[in-house]
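Subject: Handing over the structure

Dear colleague,

I am passing on the structure we spoke about, and below it you will find notes on what came out of it.

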Amino acid sequence: MSFADDTAVTRVGPGTFTAELHERWSSLVGIHGGYTAAIVANAITASVGDPSRSLRSFATQFATVPRPGTVDIEVTVERTGTSMTTTSARLFQDGRVLQIAHAASSTTRPGIAYDDNVRPRGAHPGETPRFASPKGVAHFQNADVRLDPDVVPFGGGKEAWVAAWVRPLESETVDASWLIAMCDVLPPAVFSRTTGPVKAATIEYVVHLASAEPSVPPGEYVYLSCRSPLSLEGFAVEDATMWAPDGRVLAVARQTRLAGA
């Protein structure tokens with residue numbers, strides 16, 4: 001199965017969709033949140049129904065843990081303006097709310113343009129081996145992930161940081177839903193500071209998509225760097241930046257995670 005197949009949604013009525021959560025996207029706890037977020041994003045894109053209005057900002061809160069099986073998505077178009085459409089969405093399973101999301105889809109707009117982000121690594125991982133899925137964590141199988149050699153999970157380091165080169169399997173297209181899923185694909189950044197697993201489930205996940213057209217050539221890697229500079233009172237903030245092979249920023253993301261012992 002492809003990423004596109006795994007994240008496909010089926011329209012069953014005005015603003016209503018179904019999808020299937022696959023066990024191969026299981027994570028430490030339940031189904032991987034970036035994957036379910038990508039499904040919701042696809043339902044939002046289908047509801048907007050305008051290819052000129054690309055998804056530019058997506059935010060979701062995770063209410064409870066999903067399991068494999070059928071889910072329902074309800075999308076509300078809150079407003080359609082001259083250039084931007086604002087939407088909200090809910091993901092359900094057996095009547096339980098799993099996620100609550102909102103998004104902005106827009107045409108390209110004139111405005112100030114700059115990029116002060118500097119990609120810290122080259123465009124290719126070289127001989128870096130593919131990251132193997134730990135037992136019970138299947139979602140890493142669904143992309144080619146090459147962990148940055150400087151990252152030491154559970155190394156008890158002084159910095160909460162994780163990074164990797166990532167590309168789709170089978171030369172699939174990099175689109176908005178793939179970016180949303182992959183900005184969340186890596187282990188939590190706090191795992192570089194700890195010496196073993198801790199609670200790190202995501203509470204809120206926000207992705208800002210920097211370009212209407214990601215334009216990553218087939219077979220090439222993006223580079224993803226995630227840092228968690230703050231953890232207090234059981235919650236950690238994690239920021240991520242994803243770069244295209246040519247150095248363009250494709251997406252920036254922020255998560256609020258649990259950070260328990």
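Ser54 lies in strand 3, which covers residues 54-62; strands here are DSSP runs of E of at least two residues and helices are runs of H or I of at least four residues, both numbered from the N terminus. At 14% relative accessibility Ser54 counts as buried, a word that means under 20% relative accessible area, whereas exposed means over 50% and partly exposed lies in between, with a 1.4 Å probe and protein chains only. If its neighbours within four places in sequence are left aside, Ser54 is in contact (heavy atoms within 4.5 Å) with Ala104, Ser105, Ser106 and Ala212.

Before going further, please keep in mind that this is a predicted model, in which local features need pLDDT of at least 70 and side-chain atom pairs count only at pLDDT 80 or more, while totals for chains, interfaces and linings use all residues. Residues are numbered from 1 along each chain as its sequence is written, and side-chain values use heavy atoms, with hydrogens and water left out.

Strand 8 (residues 161-167) has six of its seven residues buried, so it is largely enclosed by the rest of the structure. Two strands are said to pair if DSSP finds at least two bridges between them. Strand 7 (residues 144-147) runs antiparallel to strand 8 and is joined to it by four bridges, with Val166 in strand 8 as the bridge partner of Val145. Strand 8 also pairs with strand 10 (residues 222-232), in the antiparallel sense and over six bridges, and there Cys226 in strand 10 is the bridge partner of Val162.

Towards the other end of the notes, Ala259 is found in the segment after strand 12 (249-258), and, its neighbours within four places in sequence aside, Ala259 is in contact with Lys199, Ser231, Gly234, Phe235 and Ala236. Ala259 and Gly219 are 40 residues apart in sequence, and their C-alpha atoms are 35 Å apart in space.

As for the whole protein, its secondary structure comes to three helices and 12 strands. Its radius of gyration is 18 Å, close to the 18 Å that the globule rule gives for 261 residues, so the protein is as compact as a globular protein of that length; the radius is taken over C-alpha atoms, and the rule is 2.2 Å times the number of residues to the power 0.38. Of the 261 residues, 48% count as buried.

With best wishes
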